[in-house]
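Morning, everyone. Please have a look at the model on the screen, and then we'll walk through it piece by piece.

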Amino acid sequence: MVAQTELPYPPDELRRRVGQPGDVPSYDQVGKECRDQLLAALPADWSFSGRRVLDFGCGAGRTLRHFADEAGEAEFWGCDVDDASIAWLREHAGDRFTLRRVSDAPGLDAPDGHFDLVYAFSVFTHLSEHWAGWMLELHRVMRDDGLMLATFLGPEFAAELAGEHLEEDHVGMLVLGAGRPWDEGGPCTVVSRWWLEAHWGRAFDVLGLEPGGWVDGRARQGTALLRKRKVDLCARDLERPEPGEPREPIALQVAQNVMIRDTARIAASQAERIRELSTSIEELSASREVVYSSRSWRLTAPLRGFAARARRRR
Ligand SMILES: C[S@@+](CC[C@H](N)C(=O)[O-])C[C@H]1O[C@@H](n2cnc3c(N)ncnc32)[C@H](O)[C@@H]1O
């Protein structure tokens with residue numbers, strides 16, 4: 001059996017893609033903590049023997065690698081949108097895990113009711129327009145009464161992510177940094193607990209909800225332990241506002257304003273980058289001019305002409 005300690009570590013760019021700083025010890029530590037969080041949330045009599053488990057958004061296996069031993073007695077799958085991460089995992093741990101590359105839009109090549117357990121660390125915290133479709137796709141591939149552990153970013157992280165403090169009652173779901181590349185942290189989706197219970201709760205019984213926060217100076221996401229409900233729903237059913245919930249219209253209004261400010265901030269920082277790039281290009285052109293008009297450039301012109309003719313002849 002290949003123990004996790006025998007698996008190599010993915011290269012720097014794949015480690016950084018799933019979180020900073022990306023050095024091997026912190027990468028390993030976060031993966032271990034996710035494993036511990038999952039084990040702590042599962043029922044006391046849980047056993048992996050003979051189970052089918054999916055790591056949704058596995059990256060290059062930061063958490064999955066810590067289940068290499070259990071993968072000897074259970075079927076462990078990992079899926080991700082990132083080609084390079086799945087290719088790396090296939091090469092180094094393909095004999096241990098079943099791996100799938102998926103698209104941003106929902107769709108996993110797995111049979112209905114296949115998994116006993118799905119876990120998603122720091123994935124729904126980044127999904128925007130396809131969150132509901134993915135939640136239902138996972139619902140489809142889970143067996144009835146199957147369990148899912150998914151992490152979420154609550155409004156306690158709004159000051160950090162949106163640059164402003166937001167009250168739990170004023171937040172439903174809001175997306176910050178939509179379209180931001182993954183190596184810069186990707187987009188971030190903030191949800192409040194009341195909203196999560198109302199919307200995710202339509203497809204799953206919410207068995208446990210642990211708020212996130214700061215532990216030893218590090219951000220720890222909230223966790224939701226969910227059990228599949230036997231319901232037949234479409235994405236719109238999960239998205240629609242909770243009837244009679246007075247916080248929904250307030251949250252929608254707040255989300256709109258926060259997202260307008262977020263878009264303006266991103267546009268301003270892009271404009272600043274473009275200005276910096278233009279200045280560098282101007283400086284480069286100016287130094288080229290200095291070279292082209294120099295005496296030595298003019299004196300060596302016949303040599304360059306000779307070299308060009310020689311290249312053409314070859
Ligand atoms: C912050 S990383 C977390 C990775 C891993 N769960 C862990 O804890 O190490 C988020 C991961 O979700 C993946 N991802 C984003 N959208 C996805 C989607 N629609 N389906 C599957 N994976 C997705 C990203 O490519 C990335 O690897």
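Strand β1, residues 52–56, pairs with strand β2, residues 75–80, in the parallel sense, over 5 bridges. Strands here are DSSP runs of E with at least two residues, helices are runs of H or I with at least four, and both are numbered from the N terminus. Two strands pair if DSSP finds at least two bridges between them. Within this pairing, V53 stands opposite F76 in β2.

β1 has another partner. Strand β4, residues 115–120, pairs with β1 in the parallel sense over 3 bridges. There, D55 stands opposite Y119 in β4.

Before going on, a word on where this comes from. It is a predicted model: local features need pLDDT of at least 70, side-chain atom pairs count only at pLDDT 80 or more, and totals for chains, interfaces and linings use all residues. Residues are numbered from 1 along each chain, as its sequence is written.

Back to β1. How many of its 5 residues are buried? The count is 5 of 5, so the strand is largely enclosed by the rest of the structure. A residue is buried if 20 or more other C-beta atoms lie within 10 Å of its own, exposed if 12 or fewer, and partly exposed in between, with C-beta atoms placed from the backbone. Both faces of β1 are covered. R52, L54 and F56 are buried on one side, V53 and D55 on the other.

Now the core. A nonpolar core is a set of buried Ala, Val, Leu, Ile, Met, Phe, Trp, Tyr and Cys residues joined through C-beta atoms within 7 Å. Which residues touch the most other members of the largest one? They are V118, M148 and V190, out of 65 residues. Leaving out residues up to four places away in sequence, V118 touches L54, F56, L138, M142 and M148. Touching means that the two C-beta atoms, placed from the backbone, lie within 7 Å.

Next, the ligand. It has 23 residues around it, and G57, G59, R62, F121 and S122 come nearest. To be near, a residue needs its C-beta atom, placed from the backbone, within 6 Å of the molecule. The shell divides into 12 nonpolar, 7 polar and 4 charged residues. Ala, Val, Leu, Ile, Met, Phe, Trp, Tyr, Cys and Pro count as nonpolar; Asp, Glu, Lys and Arg as charged; the others, Gly among them, as polar.

Stay with S122 for a moment. S122 lies in the loop between β4 and α4, residues 131–141. Its phi is near 60°, a positive value in a residue other than glycine. S122 is buried, with 21 other C-beta atoms within 10 Å.

Compare D145. Its phi is near 70°, again positive in a residue other than glycine. D145 lies in strand β5, residues 142–152. Is D145 buried or exposed? Exposed, because 11 other C-beta atoms lie within 10 Å.

One more backbone feature. The peptide bond from Q20 to P21 is cis, with omega near 0°. P21 lies in the loop between α1 (12–17) and α2 (24–41).

On to helices. Helix α8, residues 247–292, has 46 residues. From first C-alpha to last it reaches 66 Å, close to the 68 Å expected at 1.5 Å a residue. That expected span is 1.5 Å times one less than the number of residues. In α8, R247, A251, V254, V258 and D262 are buried. The buried residues of α8 pack against α5 (158–162), β6 (173–176) and α6 (193–199).

Helix α10 is residues 301–313, and R312 is found there. Its 13 residues should span 18 Å, and its end C-alpha atoms are 19 Å apart, which agrees. The number buried in α10 is 0, so the helix lies largely in the open. R312 counts as exposed, with 7 C-beta neighbours inside 10 Å. The C-alpha atoms of R312 and T151 are separated by 62 Å, and the two residues are 161 apart along the chain.

Last stop: L108, in the loop between β3 (98–101) and β4. L108 is partly exposed, with 19 other C-beta atoms within 10 Å. L108 and F56 are 52 residues apart in sequence, yet 9.9 Å apart in space, C-alpha to C-alpha.
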